[in-house]
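Thank you all for coming; I would like to take a few minutes to walk through one model with you. Please keep the sequence and the structure in view while I talk.

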Amino acid sequence: MTNVAVVGSQWGDEGKGKVVDWLSERADVVVRFQGGHNAGHTLVINGVTYKLSLLPSGAVRGKLSIIGNGVVIDPWALFDEIGRIRDQGVDITPEVLRIAENAALILPLHGNLDRAREAAAGASKIGTTGRGIGPAYEDKVARRAIRVCDLTDEDVLRFKVDRMLTHHNALLRGLGEPELVAEDLITALLEMAPRLLPFASPVWKILDEARKAGKKILFEGAQGALLDVDHGTYPFVTSSNTVSAAAASGSGVGPGSVGYVLGITKAYTTRVGSGPFPTELFDEVGKGLGERGREFGTVTGRARRCGWFDAVLVRQTLKVGGIKGIALTKLDVLDGMDELKICVGYKLNGEILDHLPASMKAQDAVEPVYETLEGWKDSTYGARSWADLPATAVKYIRRLEELIETPVALLSTSPEREDTILVQDPFQG
């Protein structure tokens with residue numbers, strides 16, 4: 001048995017929620033290791049749809065669920081989410097959920113600053129969700145963040161709030177926004193403390209004990225590798241590392257504890273927000289993909305941009321992320337199409353590239369080089385074996401494997417957990 005890290009191999013929204021839920025039933029512990037409540041996972045369990053943002057997917061199944069130190073936590077959003085899940089019949093208690101005591105908090109001021117900066121940027125905005133994720137990570141890196149453990153000591157809390165507001169009020173003045181009053185923030189945090197602190201733990205220790213006991217740990221990533229702050233389409237990225245290496249640093253385990261890395265990969269490509277997208281379609285084909293795939297953000301409700309499968313980008317993210325196998329999702333959205341295109345290279349200034357360059361200008365200028373494959377008319381929806389798939393659909397999958405140089409370990413054919421074709425069990429390595 002080995003532990004498993006699940007990460008997105010594109011720009012997020014690849015269908016991680018269903019796959020993570022499928023795996024979480026086989027795991028003992030499920031860990032969120034980066035991101036915040038800008039991420040959205042949709043689970044369908046026994047016909048009930050759960051929409052999660054901060055909670056690890058294992059929480060709805062009663063599995064020990066951990067929010068690691070690499071996550072930035074909006075406690076108000078967290079308890080709103082816990083309340084929604086409770087209304088659906090699932091009680092999230094400290095016996096089920098543990099939160100890293102050294103995790104940084106997202107405060108109301110972070111969301112306000114996020115939205116103010118996006119508004120001031122106008123046409124140059126990054127396209128954030130406006131939930132304060134970026135500013136919270138900025139404070140963490142600048143060593144002025146409020147952490148979960150700080151809520152245990154009012155003197156420490158006051159010291160840190162004063163230090164934080166020295167910075168934030170200067171920013172707000174520059175943006176023409178009202179300045180913040182320290183006492184208001186301190187009061188709000190002290191009111192939150194009795195609710196949040198029962199969940200706080202040294203989660204690195206819990207994970208070490210689980211590892212020694214031979215328990216199976218599932219590390220659950222948010223967003224996708226192309227939104228990684230280092231390896232994504234910078235600056236149109238998120239503020240954390242979304243690649244599998246972050247599973248270790250974001251939860252407090254050594255890199256050798258991560259084990260098998262599974263990359264969730266959509267059978268076409270989508271993106272939310274601003275930034276380069278070489279295979280984006282602006283025609284009826286792209287519109288059809290969005291409609292059939294119900295491509296709207298779980299958290300934001302924003303329509304996703306749609307395009308053909310980009311084998312160049314996926315191959316690049318699989319190599320950077322050390323991904324051993326992919327879970328291919330939403331193949332059924334391609335049902336009924338006469339032909340399909342796959343991006344196999346880029347053209348830039350008369351040259352053919354086999355990777356996406358790091359330069360923002362170059363990323364915006366690359367032109368996709370396509371290979372065309374025959375489509376299929378029969379449905380792949382709900383297929384549970386290779387024999388249920390049209391021959392041309394299998395041919396499409398095999399060509400993707402060749403181009404991305406990585407095998408398909410799982411094939412998801414609907415949002416239902418049971419509609420999954422298992423090729424290789426990630427927990428078996």
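This is a predicted model: local features need pLDDT of at least 70, side-chain atom pairs count only at pLDDT 80 or more; totals for chains, interfaces and linings use all residues.

Let me begin in the loop that runs between β10 (217-220) and α8 (246-249), which is where proline 235 lies.

Is threonine 233 buried or exposed? With a relative accessible area of 1%, threonine 233 is buried, since the cut-off for that label is under 20%. Leaving aside residues up to four places away in sequence, threonine 233 touches Trp11, Leu226, Arg271, Pro276, Leu356 and Gln363.

Aspartate 13 is not a glycine, and yet it has a positive phi of about 60 degrees. Aspartate 13 sits in the loop between β1 (4-8) and α1 (16-24), and at 25% relative accessibility it counts as partly exposed. Lysine 330 is another case, a residue other than glycine whose phi is positive and near 60 degrees, and its place is in the loop between β15 (325-329) and β16 (339-348). For context, most residues other than glycine have a negative phi.

Now to the helix packing, where I will take two pairs in turn. How do helix α2 (residues 75-87) and helix α6 (residues 182-196) pack, and at what angle? Their axes are 11 Å apart and meet at an angle of about 40 degrees, which makes α2 oblique to α6. The crossing in which α2 passes α6 is left-handed. On the α2 side the residues are Pro75, Trp76, Leu78 and Phe79, and they meet Ala188, Leu189, Met192, Arg195 and Leu196 in α6. Sorted by class, this contact of α2 with α6 has eight nonpolar residues, no polar ones and one charged residue.

The second pair is α5 and α6, whose axes are 10 Å apart, with a packing angle of about 135 degrees. These two helices are therefore oblique to each other, because an angle has to be over 145 degrees to count as roughly antiparallel. The crossing of α5 and α6 is right-handed. From α5 the contact is made by Glu154, Leu157, Arg158, Val161, Asp162 and Leu165, and from α6 by Ala182, Glu183, Leu185, Ile186, Leu189 and Leu190. By class, the contact of α5 with α6 has eight nonpolar, no polar and four charged residues.

While we are on α5, which covers residues 154-175, let me point to valine 156 within that helix. Valine 156 is partly exposed, its relative accessible area being 33%. Lysine 205, for its part, is found in helix α7 (residues 203-212), and at 40% relative accessibility lysine 205 counts as partly exposed. The C-alpha atoms of lysine 205 and histidine 37, which are 168 residues apart along the chain, lie 25 Å from each other.

How many disulfides does the structure hold? The structure holds zero disulfides. Cysteine 306 is in no disulfide, and the nearest cysteine sulfur, which belongs to cysteine 343, is 16 Å away, whereas the cut-off for a disulfide is a pair of sulfur atoms within 2.5 Å. Cysteine 306 is buried, with a relative accessible area of 4%, and cysteine 149 is partly exposed, with a relative accessible area of 25%.

Terms used:
Residues are numbered from 1 along each chain as its sequence is written. Side-chain values use heavy atoms; hydrogens and water are left out. Helices (H or I, at least four residues) and strands (E, at least two) are DSSP runs, numbered from the N terminus. Buried means under 20% relative accessible area, exposed over 50%, partly exposed in between (1.4 Å probe, protein chains only). Axes are lines fitted to C-alpha atoms, for helices over the stretch in contact, and angles run from 0 to 180 degrees between N-to-C directions. Angles under 35 degrees count as roughly parallel, over 145 as roughly antiparallel, 65 to 115 as roughly perpendicular and the rest as oblique. A crossing is left-handed if the near helix is turned anticlockwise from the far one by less than a right angle, and right-handed if clockwise. Contact means heavy atoms within 4.5 Å. Ala, Val, Leu, Ile, Met, Phe, Trp, Tyr, Cys and Pro count as nonpolar, Asp, Glu, Lys and Arg as charged, and the others, Gly among them, as polar.
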